[in-house]
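Please take a look at the sequence and the model first, and then read on.

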Amino acid sequence: MDIRRFPGTRPIAWLFFAYLYVPILILIVLSFNANRTATIWTGFSLDWYRAVLSNNDILSAAENSLIVAGAATLASTLLATLGAVGMARRRFKGQSAVSAVLALPLVVPEIVTAVATLLFFILVGLKLSLVTVIIAHTVFCIPFAYLPIRARIEGLDPSLGEAAADLYANELVAFRRITLPLLWPGILSGAILAFIISLDDFVITYFVAGPGATTLPIYIFGSIRMGISPEVNAISALMLFISILFVSLSHILGRVTNR
Amino acid sequence: MDSPPQPGIHIRDMVKVFTDDQQGEVRALDNVSLHIRSNEFFTLLGPSGCGKTTLLRVIAGFEQPSQGRVLLDDLDVTDQAPYRRPVNTVFQSYALFPHMTVAENVRFGLEMQKVDPAAAERRVAEMLELVHLTGMERRKTGQLSGGQQQRVALARALAPAPKVLLLDEPLSALDFKLRKGMQIELKRLQQETGITFVFVTHDQEEALTMSDRVAVMKSGKVLQIGTPEEIYRHPVERFVADFIGETNFLPATLSTEGHPAVFTVGNAGGFTVRAEASQLDQRQGSQVTLAVRPERTFLDPAGHGEGLSGRVETVVYFGTDTLYHVRVDGLEAPLTARIQNRDNHAPDIDEGAEVRITFPDDAVQVLKD
Ligand SMILES: Nc1ncnc2c1ncn2[C@@H]1O[C@H](COP(=O)(O)OP(=O)(O)OP(=O)(O)O)[C@@H](O)[C@H]1O
Ligand SMILES: [Mg+2]
């Protein structure tokens with residue numbers, strides 16, 4: 001029997017979506033509120049966006065966030081690509097164990113990772129700064145970047161690489177001319193996913209950020225302790241916008257190249 | 001084995017062992033030695049899992065043998081990387097590069113060999129003409145039919161003018177009609193280009209009609225190598241006789257040694273045939289198996305004279321000829337006789353008829369089982 005025919009499926013689905021999206025909708029609406037008290041609507045205004053874009057603390061936090069996300073995305077995607085290619089290249093003993101370990105960070109509670117990372121930095125004597133944030137982000141972004149790339153590799157015909165070798169392409173050329181172009185969509189989705197995850201991270205960043213390494217989520221958390229301000233609504237709405245933009249981009253890329 | 005060097009491919013004492021998690025060790029190639037001559041259409045024939053693909057992959061260099069050598073025109077290439085061997089492959093899955101056009105696919109090998117672009121362009125056009133794909137240059141490979149993809153794969157592998165072309169069941173994905181057409185085209189291409197073709201198939205008819213020589217394989221071993229006619233007329237083992245065409249197997253007793261030896265066919269009231277059994281070391285009175293093709297098995301409806309007596313079980317009309325399944329006392333399986341129809345009429349033998357079965361001396365092959 002088709003599950004869609006069960007009575008009450010439709011209202012439950014609506015309830016589910018409302019639960020997910022109404023709070024976000026409220027946040028977006030209130031970010032355009034003219035009133036300083038965030039919860040009372042008095043009219044439409046772009047004041048808070050203007051305030052956000054002229055607040056130096058916010059701008060420097062945004063800059064930090066972009067630097068961290070950019071660097072972590074680059075590093076984690078590179079490592080994830082190498083890892084995925086290596087894993088696909090040949091079967092070896094304990095391969096499934098390695099696969100499991102690679103995906104493990106996805107299920108380890110973030111707070112545990114955060115404490116462990118901090119402990120590690122202290123043990124090796126690394127001073128907390130923007131660099132430690134980048135290192136930590138790189139690490140937890142790897143599985144997110146790895147999964148789409150791995151999925152893409154698994155969909156590839158393994159004889160393509162052999163065909164390239166058969167036609168006189170050495171390993172490096174075969175990788176550049178055949179493997180890389182075919183993996184590209186997977187690499188891009190992996191990178192976009194890593195970027196969003198990094199941009200959004202709070203817990204780990206909070207633990208390993210040094211002075212002057214405030215990122216947007218940390219800034220928002222700090223300012224919210226003084227009450228929800230319309231400015232915070234505006235930043236959050238902007239971050240949401242960026243995330244949606246990237247997810248759509250990844251989706252469209254997947255469509256175009258998967259024809 | 002140190003024969004004077006001859007051009008072509010030499011496979012010497014080849015062993016390939018795979019270690020598999022479930023099955024343990026698999027001997028995919030078990031001491032294979034063979035010589036494929038230059039410019040010949042050589043076919044590897046055998047049932048699934050007998051090691052045909054593995055042998056091809058060893059020649060191409062995708063698989064490193066556990067033991068043995070591969071020589072290409074006297075040059076030992078066993079340790080050479082695939083991209084250094086003057087050998088090209090038509091893959092069973094075609095393995096066309098999906099992000100490239102038809103022309104780019106065909107040009108790839110030429111580019112890798114650093115052929116001058118203008119010359120490469122001409123060569124691509126020439127190859128596409130050869131496989132009747134002119135005008136398809138700019139298509140993406142995903143937009144082609146199975147037969148067209150197959151021809152792109154062929155053009156791509158032929159473009160760099162390799163010494164040897166390896167083809168792994170290239171026709172298996174095509175429908176009957178296309179397959180027949182491609183068989184003729186492949187044969188023509190091989191004759192026109194003079195390239196050595198090593199062709200893998202498990203279709204015995206395909207092997208017989210296309211090849212200069214055939215190697216029949218079973219469980220990693222080569223059982224027999226010969227021209228299609230040699231293999232069909234003189235199979236050395238029961239497996240070969242059974243795998244290639246239809247065959248009747250009959251028990252017989254050696255009654256007089258010699259060249260040819262005399263055998264008594266059947267258990268009771270049999271008749272005698274003379275056949276060469278030089279490959280066997282047999283004594284008088286020993287049991288052997290005789291193989292006789294259905295088209296050389298004769299039925300005598302008169303029901304007397306020499307021969308095995310039997311009763312016709314089924315009659316199957318095939319247009320060009322008629323098949324008779326005849327039950328013979330003391331034999332497990334019925335014998336098959338294939339009799340050519342005259343003017344498309346079936347001979348006048350009905351189901352249930354009592355017949356005598358005979359065959360000429362030269363139709364008999366003595367098998368070592
Ligand atoms: N990579 C591998 N790992 C383990 N076993 C393998 C591997 N490749 C082949 N084999 C085994 O080696 C044997 C020969 O395989 P091969 O692919 O050469 O057979 P084939 O004659 O080409 O069969 P088919 O007609 O089905 O293609 C089989 O038993 C197969 O299971
Ligand atoms: Mg095979």
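## Around the ligand

In this predicted model, ligand 1 has 14 residues around it, and the nearest are Ser48(B), Gly49(B), Lys52(B), Thr53(B) and Thr54(B). A residue counts as near a molecule if one of its heavy atoms lies within 4 Å of it. A few notes on reading the values: residues are numbered from 1 along each chain as its sequence is written, while chains are lettered from A and ligands numbered from 1 in the order in which they are written. Local features need pLDDT of at least 70 and side-chain atom pairs pLDDT 80 or more, whereas totals for chains, interfaces and linings use all residues, and side-chain values use heavy atoms, with hydrogens and water left out.

What kinds of residues make up the shell around ligand 1? It divides into five nonpolar, six polar and three charged residues. Here Ala, Val, Leu, Ile, Met, Phe, Trp, Tyr, Cys and Pro count as nonpolar, Asp, Glu, Lys and Arg as charged, and the others, Gly among them, as polar.

Three elements of chain B, namely β1 (9-20), β2 (24-36) and α1 (52-60), each supply at least two residues of this shell. The largest share, three residues, comes from α1(B). Helices (H or I, at least four residues) and strands (E, at least two) are DSSP runs, numbered from the N terminus.

| Residue | Atom | Distance |
|---|---|---|
| Gly49(B) | backbone N or O atom | 2.7 Å |
| Gly51(B) | polar backbone atom | 3.0 Å |
| Thr54(B) | polar side-chain atom | 2.5 Å |

On its own, ligand 1 has 640 Å² of accessible area, and the protein covers 67% of that. Accessible areas come from the Shrake-Rupley method with a 1.4 Å probe.

## Where the two chains meet

The size of an interface is often given as the accessible area lost when the parts come together. Between chain A and chain B, about 1900 Å² is buried (the accessible area, 1.4 Å probe, that the two parts lose on being put together, summed over both). Carbon and sulfur atoms give 63% of this buried area. Asp166(A), Leu167(A) and Tyr168(A) supply 39% of the area that chain A buries against chain B, more than any other three residues. The contact (heavy atoms within 4.5 Å) takes 18 residues from chain A and 26 residues from chain B.

Which residues does Glu162(A) touch? Leaving aside residues up to four places away in sequence, Glu162(A) touches Arg57(B), Phe62(B) and Phe91(B). The side chains of Glu162(A) and Arg57(B) are joined by a polar contact of 2.8 Å. Such a contact is a pair of N or O atoms within 3.5 Å; within protein, one must be able to donate a hydrogen and the other to accept it, and residues adjacent in sequence count only if both atoms are side-chain atoms. Glu162(A) sits in helix α7 (residues 159-166) of chain A.

## Each chain in turn

Chain A has 11 helices and zero strands. Its C-alpha atoms fill a box of roughly 70 × 60 × 30 Å, taken along the principal axes. An unreviewed UniProt entry places "domain: ABC transmembrane type-1" at residues 62-253 of chain A, a span that is 80% helix and 0% strand.

For chain B, the UniProt annotation "domain: ABC transporter" (unreviewed entry) covers residues 9-244. Those residues are 36% helix and 28% strand, with end C-alpha atoms 25 Å apart. UniProt positions are given in the numbering used here, feature names are shortened, and annotations may be inferred rather than shown by experiment.
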